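Dear colleague,

Please find below the sequence and structure that I am handing over to you. My notes on what was found follow directly after.

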Amino acid sequence: MVVEVKPREHSDVETEQLATGCEAIAEAIRLADVDVMAAYPIRPYDGVMQAAAKLIANGKMDVEYIVADGEHSQFEIVKHACAVGSRVFVGSSGVGWFYAFEAIAVTAGLRLPVVAICGNRALDDPGAFGTEHNDSLAVRDLGWLLPWAETAQEALDLALMAWRVAEDKRVSLPIAIGLDGAFLTHSQHIVKIPTQEAVNRFLPKFDLGDRLLHPDNPITIAPQVDQDWLMEIRRQNDHAMRQALGVIREAHADFKKIFGRGGDSPFLDEYMTDDAEVVVIGQGTLSLPMKVAIRRLRKEGHKIGLVRLKWFRPFPTEEVVKTLSRFKAVGVIDRDYSFGSPFYGGVLYNEIRSALYSQQKRPVIVGFIAGLGGREIEQPMATEIFEKTEAAAKAGPSAGDTCHWIGVRE
Amino acid sequence: MAEQDKSISIEVVYRGIFQKTLAQRICRSVVLAARKDGHTGTAFARYGDSPERNGVPAKQFAVVAADEIELEASMAKYEPAVVDVSIAVDDTLVKGVESWAWYGRQPIWKPVRANGWLLVTSEKTPDAVLAQTDKAERPYTLGIVPGGASFAGLWVFKDDHTDYRILGALAKILPQWISLENAKAATNELAKGNESAIASVQAGYDSTAMRPVRVGEGTSGHEVLQFKKPGWTTMRPGIIVEARKPGERNPYYKKYGARTMRPVVNFDTCIKCTMCWLDCPDECFEVTPEGHYEVVYSACIGCGICAQVCPVKDCIVMVDELKFTDNVDKWQMWKQDKPAYNAWFEKMSGVSAAPPPKAARATDAGAAASGGDD
């Protein structure tokens with residue numbers, strides 16, 4: 001049988017598709033002209049794997065698509081492909097992400113700009129596959145950039161941003177886009193698919209420069225390093241992470257200019273905060289039920305709003321401090337947990353409290369653990385979150401030393 | 001009270017892997033003997049030496065202190081920067097210590113405090129050992145503990161009492177920390193009542209030859225190998241190092257300090273078979289214009305594989321490293337004056353430089369084909 005290979009088609013105009021978050025990411029892989037992607041199935045990440053395979057099968061995408069024998073190999077493959085100059089894509093979820101951990105840690109140390117998605121999934125108390133952010137957050141201290149998407153559109157946009165920021169020579173760090181399992185990976189949204197021409201204007205060709213592993217550029221990557229070298233290596237990574245903030249701002253400004261999307265701030269998305277006294281902050285799709293609650297409760301006179309954090313690493317400390325200092329109280333909603341942490345809170349709760357610690361004027365910061373394992377954040381829960389945050393505003397700072405579990409059966 | 005009255009630090013410099021167990025036994029016996037004198041202490045290996053590599057200089061330490069507070073103060077720094085006694089359990093180590101890349105070549109006495117001790121196990125005289133030791137910058141006492149380099153601890157510990165003799169020598173120089181009586185008492189426990197072990201403590205005490213070394217004594221003939229490490233702003237990002245260019249050798253890690261014996265080559269009997277060049281694990285042979293293979297001594301770790309694979313009897317001979325005062329490659333010498341070179345070869349190797357008679361050659365070839373002549 002002769003397989004007919006269709007020529008790749010490009011649309012000259014921006015089109016619209018009804019696409020899941022995973023399918024939107026696959027479109028981004030096509031538009032970014034990725035050279036190598038490595039795949040291994042685990043829900044919910046595998047939606048990308050399937051969507052990308054379909055694009056290849058339909059002749060719409062040309063990418064070296066390698067199905068690995070497990071997540072560890074999967075992440076090793078792209079790490080090495082990246083070192084020889086390939087633009088790469090990879091991804092996983094939950095415990096699959098953890099199985100790749102050795103490769104994940106080393107990729108950041110080697111400053112290889114691997115672009116990944118982490119389809120957020122609970123860490124498998126047997127078979128759980130609903131969303132939870134602890135898989136992404138497990139790499140928060142390793143030198144990976146960590147943005148979170150709210151919609152399929154933002155997933156596509158963030159992916160294009162991801163290659164641009166990660167591959168920038170000032171940064172050269174890997175990046176993992178957080179996509180909430182089910183809520184984003186498996187639900188379909190209307191997504192604007194940009195033209196190839198616009199993407200080419202935004203995203204330069206990948207160039208590792210003198211770090212390219214190639215016979216014409218003889219170098220050794222990753223020799224054994226000992227205590228004589230590791231602090232300097234960590235400090236280099238620290239510098240790259242600091243540089244990333246500025247590079248994200250630049251990329252965001254360019255993105256807005258070329259595609260006309262992306263909001264006012266690259267880091268924070270504010271909703272009804274202008275006159276708000278109390279806000280909640282969180283990451284990913286939990287913003288959706290919270291926005292519904294804000295619209296409903298505002299009719300009853302509550303001055304409330306939402307701040308959605310788009311980048312967790314690098315943590316936009318300056319923006320977070322400036323924004324959150326405006327409010328009387330902030331409720332931090334964690335779709336994650338950190339057992340035994342200060343005040344038994346979530347990861348984001350403690351990060352935000354830490355960022356605001358030295359401020360003269362700072363809000364009461366109260367924590368909420370909600371939506372674990374993919375549990376829906378229903379309207380009564382959203383109401384409860386706002387009520388407790390408003391009560392904390394009245395009660396004063398010590399009311400913040402608490403994390404409330406929302407929607408948990410006693 | 002001087003620092004050395006509150007605690008003492010002792011290091012054992014040894015050949016990696018081969019002498020690890022020996023070094024460990026020495027350090028432990030120091031602490032256990034001092035314990036009998038009412039002191040406390042700790043024994044430990046330098047973490048950065050692990051994984052150890054064959055013959056590459058490594059260190060273990062013993063710290064003995066008057067009390068727990070002093071011990072804690074000593075242990076606050078993992079590797080002592082200054083020691084009271086350095087013990088080299090292979091006399092070729094006095095040529096300098098290069099433990100890993102960028103470490104440089106450190107004089108054997110580098111951490112020894114002024115008026116401290118350098119103990120060396122050797123069958124040579126103190127002056128012969130001193131002649132191969134870097135020129136002293138501080139006064140110290142060189143003590144020669146009679147005996148060769150003990151490789152007793154390679155696979156199973158076949159005790160040749162090097163550890164007990166060293167403990168006896170330490171009892172002589174540090175009686176306030178290790179008395180001879182308690183050195184023997186500790187040895188009695190360690191050796192499970194073996195009386196010859198206790199006799200070895202006494203022998204070490206009695207026979208260690210002491211040679212005070214003044215500033216400026218020693219050799220200035222060894223290569224200076226010191227590096228300034230780059231900082232995070234000057235290092236290449238991404239854990240990248242330049243590959244070596246063809247013909248270039250690693251300037252930051254030379255490894256010849258791992259050598260206890262070095263190969264010398266009889267260029268007259270060399271049949272240019274390439275075996276040494278092929279099998280050398282450090283690629284240290286260079287091809288001469290005539291097609292001989294000369295050893296580049298700054299790259300040779302003295303593993304002896306070339307001498308093993310050479311099919312010609314006595315063409316490559318392994319010789320005690322301390323016999324040599326330089327690290328210069330030898331083909332030029334042979335090229336310029338063959339009789340002089342052959343005389344030097346015979347003097348160093350102790351074997352004849354003359355080609356064997358034809359009949360004997362045939363026998364040698366047969367021996368080589370059947371698996372070597374060793």
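Into which domains is chain B divided? In this predicted model, chain B consists of domain 1, residues 3–213, and domain 2, residues 259–369. Their C-alpha centres are 35 Å apart. The contact between them involves nine residues of domain 1 of chain B and five residues of domain 2 of chain B. On the domain 1 side of chain B, the touching residues comprise five charged, three polar and one nonpolar.

Chain A is likewise described by two domains, with domain 1 spanning 15–259 and domain 2 spanning 268–405. The C-alpha centres of these domains of chain A lie 28 Å apart. Here 26 residues from domain 1 of chain A meet 19 residues from domain 2 of chain A. At least two residues of the domain 1 side come from each of helix H6 (134–137), strand E6 (146–147), strand E7 (175–180) and helix H9 (230–259) of chain A. H9(A) contributes the most to that side, with four residues. By class, the domain 1 side of chain A holds 16 nonpolar, six polar and four charged residues.

Turning to the contact between the chains, 13 residues of chain B touch 19 residues of chain A. The chain B side is made up of eight nonpolar, three polar and two charged residues. Strand pairing also links the two chains: strand E9 (residues 219–221) of chain A and strand E8 (residues 240–242) of chain B run antiparallel and share three bridges. Within this pairing, Ile221(A) has Ile240(B) as its bridge partner.

The largest nonpolar core has 128 residues, and those touching the most other members are Ile25(A), Ile29(A), Ala155(A), Val165(A) and Ile175(A). Helix H7 (residues 152–167) of chain A supplies the most to this core, namely eleven residues. Leaving aside residues up to four places away in sequence, Ala155(A) touches Gly21(A), Ala24(A), Ile25(A), Ala149(A), Ile177(A), Leu179(A) and Leu184(A). A second, separate core has 62 residues, among them Val94(B), Leu119(B), Leu142(B) and Leu170(B).

Chain A contains an open sheet of five strands with parallel pairing, in the order E3-E2-E4-E5-E7. Strand E3 (64–67) and E7 of chain A are at the edges with a single partner strand each, so one side of each has no neighbour in the sheet. From one strand to the next, the twist averages 20°. Strand E2 (residues 36–39) of chain A pairs with E3(A) in the parallel sense through four bridges, and Met37(A) has Tyr65(A) as its bridge partner in E3(A). Helix H2 (residues 46–57) of chain A packs on this sheet and touches E2, E3, strand E4 (88–92) and strand E5 (115–120) of chain A, with its direction at about 135° to that of E3(A). H7(A) also packs on the sheet, touching E5 and E7 of chain A, and its direction makes about 170° with that of E7(A).

In chain B, seven strands form an open sheet of mixed pairing, ordered E2-E3-E1-E4-E5-E6-E7. Strand E2 (40–45) and strand E7 (209–213) of chain B are the edge strands, each pairing on one side only. Neighbouring strands of this sheet are turned against each other by 20° on average, direction ignored. Strand E1 (residues 7–15) and strand E4 (residues 83–88) of chain B pair in the parallel sense over four bridges; in E4(B), Ile87(B) is the bridge partner of Val12(B). Helix H2 (residues 20–36) of chain B packs on the sheet, where it touches E1, E2, strand E3 (57–65) and E4 of chain B, and its direction makes about 5° with that of E3(B).

Further along chain B, strand E9 (residues 261–265) is mostly covered, with four of its five residues buried. Five bridges connect E9(B) to strand E12 (residues 316–320) of chain B in an antiparallel arrangement, and Pro263(B) has Met318(B) as its bridge partner there.

Yours sincerely

Key
Residues are numbered from 1 along each chain as its sequence is written. Chains are lettered from A and ligands numbered from 1 in the order in which they are written. This is a predicted model: local features need pLDDT of at least 70, side-chain atom pairs count only at pLDDT 80 or more; totals for chains, interfaces and linings use all residues. Domain bounds come from an automatic or database domain assignment. Two residues are in contact if their C-beta atoms, placed from the backbone, lie within 7 Å. Ala, Val, Leu, Ile, Met, Phe, Trp, Tyr, Cys and Pro count as nonpolar, Asp, Glu, Lys and Arg as charged, and the others, Gly among them, as polar. Two strands pair if DSSP finds at least two bridges between them. A nonpolar core is a set of buried Ala, Val, Leu, Ile, Met, Phe, Trp, Tyr and Cys residues joined through C-beta atoms within 7 Å. A residue is buried if 20 or more other C-beta atoms lie within 10 Å of its own, exposed if 12 or fewer, and partly exposed in between; C-beta atoms are placed from the backbone. Axes are lines fitted to C-alpha atoms, for helices over the stretch in contact, and angles run from 0 to 180 degrees between N-to-C directions.
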